[in-house]
Amino acid sequence: MQRKFVVSDSEKCTGCGICELVCSAVKERGFNPLFSRIRMSRIEPFANMAIACRLCETPKCVKSCPRKALTADEKTGLILVDEQKCDGCRWCMEACEFGVIFVHRDKKISTVCDLCQLDPKCVTFCPQEALHLMTGEELGQKMRKRAFRKLLAETLEPKITSKSSEEST
């Protein structure tokens with residue numbers, strides 16, 4: 001089984017935050033983005049992007065935990081938190097390159113996306129269809145296609161512009 005994770009399409013994402021609200025409702029039974037396992041990253045006015053656990057092959061968050069409270073499921077790659085062992089020291093937060101592990105404000109333990117048992121509700125309820133469940137290979141293919149389309153558009157645009165200016169003279 002290939003590891004899939006939530007991917008945000010920055011060209012479609014409006015930064016509405018529905019993903020955060022859905023996540024907090026499912027996981028915490030309340031609407032509070034601070035309790036969400038997916039977080040919006042906004043660079044106004046340029047881009048919006050939701051970020052969740054990337055299910056790293058060798059997760060630094062797991063290696064960094066001094067209490068061995070974090071483990072990675074070998075099959076899915078999901079990061080599992082043993083609430084009995086976790087003391088909220090935040091070493092995992094510092095180790096995560098994507099900034100997607102948080103210490104729960106009330107429980108004082110680490111929280112991380114578990115993909116809603118491989119049926120992520122943030123993906124289901126995204127009104128812009130900007131969130132997708134993908135493998136690393138699928139993401140790479142998508143990015144190559146996007147880069148090719150952009151390059152093609154940049155290459156063809158000067159020719160189209162110069163043709164129309166020639167025709168008008």
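This is a predicted model: local features need pLDDT of at least 70, side-chain atom pairs count only at pLDDT 80 or more; totals for chains, interfaces and linings use all residues.
1. Glu-97 and Lys-60 form a salt bridge, with their closest N and O atoms 2.5 Å apart. The term salt bridge denotes a side-chain nitrogen of Lys or Arg within 4 Å of a carboxyl oxygen of Asp or Glu. Glu-97 lies in the loop between α3 (91-95) and β6, and Lys-60 in helix α2 (residues 60-64), so the pair ties together parts that are 37 residues apart in sequence. Helices (H or I, at least four residues) and strands (E, at least two) are DSSP runs, numbered from the N terminus.

2. Residues are numbered from 1 along each chain as its sequence is written, and side-chain values use heavy atoms, with hydrogens and water left out.

3. Concerning accessibility, Glu-97 is exposed, with a relative accessible area of 59%, whereas Lys-60 is partly exposed at 46%. Buried means under 20% relative accessible area, exposed over 50%, and partly exposed in between (1.4 Å probe, protein chains only).

4. The structure holds 9 salt bridges. One of them joins the side chains of Asp-9 and Arg-146, at 2.8 Å from N to O. Asp-9 is placed in the loop between β1 (5-8) and α1, and Arg-146 in helix α6 (residues 136-167), so this pair ties together parts that are 137 residues apart in sequence. Asp-9 is buried, with a relative accessible area of 7%, and Arg-146 is buried as well, at 17%.

5. Glu-28 belongs to helix α1 (residues 18-28). Leaving aside residues up to four places away in sequence, Glu-28 touches Cys-23, Phe-35, Arg-37, His-104 and Lys-107; contact means heavy atoms within 4.5 Å. The side chain of Glu-28 also makes a polar contact with the side chain of Arg-37 (2.9 Å). A polar contact is a pair of N or O atoms within 3.5 Å; within protein, one must be able to donate a hydrogen and the other to accept it, and residues adjacent in sequence count only if both atoms are side-chain atoms.

6. Lys-107 and Glu-28 meet through their side chains in a salt bridge (3.9 Å, N to O). This pair links distant parts of the chain, with Lys-107 in the loop between β6 (102-103) and β7 (110-111) and Glu-28 in helix α1, 79 residues apart. Lys-107 is partly exposed, with a relative accessible area of 45%.
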